[in-house]
Every structure is written in C-alpha cells, then in structure tokens.
Amino acid sequence: MNEKALRLGTRRSRLAMAQSGQVAEAVSRVTGRPVELVEITTYGDVSREQLAQIGGTGVFVTALRDALLKGEVDFAVHSLKDLPTTQPDELVVAAVPVREDPRDVIVARDALKLTDLPSGARIGTGSPRRMAQLNAYARSHGLDIATVPIRGNVDTRIGYVRSGELDAVVLAAAGLNRIGRGDEVTDFLSVDTVLPAPGQGALAIECTAGNADLVAALAELDDPFTRIAVTAERSLLAALEAGCSAPVGALADLLADGQIVKEMRLRGVVGTTDGTRMVQLSTTGPVPETHDRATALGRELAAEMLAQGAAGLMGERAH
C-alpha cells in the first residue's frame, strides 16, 4: 500500500481550512492514505478590493489550480460557488460531495429575524445577488432597509453586528455550519426570498485529469444528485454570461414523493442591485440523467430569462 501522504491544496481562511479538513478525513478513509493540507494564498485572500471590482470569479481559485498544474499539490478543495464556469481541460472535478444547506442566513443584533428589522436597518453584504433580492423583498413588503457593501471573513462580518455598526449581515448557512457557528444564525432566508448563488453549499474536489487513480478514488465521494443540481445551476450562470460577481441566484432542488425522487425544479433570478427590476423564472421536469441533460436544462431556463430582459440587469457583461 502506498502510504505517501496526498497533498491537499487549500485556501488559508478558517472556513477553507475547516472544509478542507473535513474532505481530507473523507479522502483518507477512501484511499487509506494520510492527507496533508498545503496552505495556499490566493489573490482573493490578499486583495482588499470589493469582490465585484476584482473580477469576482476565479480570484480564490487560480492559485490553487496553478499549484495543481505544477504538481505542488495532488488535489484541491474549492467552494463550488467560487469556481469559474469554464473548466480547464487539464483539470477535472473528480467529486462533488453531498451538499450542505444552500440557504443564505442573517446574523442580526438582538436575535432579530428579517421581518423584525427596524425601519432604516443596515444590512451588510458584499454580494450584488443578495443586495438585489433583499432590496426587492423589502420593496414588495414595505420594509425600509439599506444594504451596505462589506467584505472580509466571517469574524469580520459578524463583528460589524456585534460592534453595532450594522444591524445584520448576510452569510451562507453552509459556511457557518462548517466552522461550527451555526448557532449564531438569527434567521434563515427562505429560498423564495433570496435564491442562493449557483453551487452554494457545495464543494468541488479537483485534481489533474491525468491522475487516473486519484480521479477514481476521489469519485467515491461524489454525490450524483448534488452534482446534477449544481451542474444545472452553473449552466444557467454560464449561459447568462455572468461571473460570480453578477447578481444571479440559482437553485436546483429535487422534488420527492416519499423516498422516491420524481423531478427536479430549477429556479433562477437576476436583478438590479437596488431591487427595482427582477427576472425570476423556474422550470420543473424529470431529474436529468446525464451531465448534458443537466447542462441543457440550465441553458434553457437562461434563454427564457434573457428573453425577458435579464441581460440588461447585469450591468457590465463579465468576460
């Protein structure tokens, strides 16, 4: 048995280290080999600019992919929502494990829920997608809120609430759960209110396409339902030609009758960040059997959204 440790490339953030540590344990179980974490600093980690300004998509991924291609690490773990929609030929996403909770949540002062926030409440988020949908929700429910652009890690963001600078911040449920801070959530945002980012809550385990043994071993961690869902969501995003800084939300969920999964519903939304104009559509059909069918589903819904004017809502087209 080859006992040489597998090297897992990870970002240095507390969340990345937590989710990479969980994957490392799982990979160690399926391969029988020890796994060591190799910390890699990415441009997204060191830049202080707003994510929307630095191009959004890929800023957390490029350095990890470079390390894979140079052979400095054997595989890498990404948050799927950070992954660009075009996949390099030399690399393969060998596994998409079972998805965590895809929803967005708020952490608010005084344990407030979204509907309890006072008039003029300041809600922090760096995401145009969250801003667009929160502002649209507030507009349609007669709530008066202000969305405030912020960035930084979980501690920094929650710190704005604890210090009284903001009334609430929006975060991903999955991230808080993975670092053991789910108990700080004061409200879960229904996906009917805020659709998550495409792939939110899911991880991608990536390695070089040429490493057939590792590809096969990692594939044991793949969850077919999660993969089909995120494939449809990311196909929608790609067809809208939007990077991860664009205000696009998407969620594919499986509709079950008892224990039997019958259908998949894909929902997509795009809107102006002030929430005044939104295009939100959904489609339901048989669960796609193949990657190509899942991709087609995303493309079809995107085409309908574009026909209803989605392109004009995304600002600069991301390239």
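Helix α4 is mostly tucked away: 11 of its 13 residues are buried, where buried means under 20% relative accessible area, exposed over 50% and partly exposed in between, with a 1.4 Å probe and protein chains only. The buried set includes Arg129, Arg130 and Tyr137. Helices (H or I, at least four residues) and strands (E, at least two) are DSSP runs numbered from the N terminus. Just past α4, Gly142 has a positive phi of about 65°.

This is a predicted model, where local features need pLDDT of at least 70, side-chain atom pairs count only at pLDDT 80 or more, and totals for chains, interfaces and linings use all residues. Residues are numbered from 1 along each chain as its sequence is written, and side-chain values use heavy atoms, leaving out hydrogens and water.

Now for the charged pairs. A salt bridge here is a side-chain nitrogen of Lys or Arg within 4 Å of a carboxyl oxygen of Asp or Glu, and the count comes to 19. Here are some of them:

| Pair | N to O distance |
|---|---|
| Asp104 and Arg129 | 2.9 Å |
| Arg181 and Asp155 | 2.4 Å |
| Arg267 and Asp253 | 3.1 Å |

Arg267 sits in strand β12 and Asp253 in strand β11, so this pair ties together parts 14 residues apart in sequence. Arg267 is buried at 9%, and Asp253 counts as buried at 19%. Both Asp104 and Arg129 are buried too. Arg181 is buried at 13%, whereas Asp155 is partly exposed at 41%. Arg181 and Asp155 also belong to a salt-bridge network with Arg14, Arg162 and Glu184.
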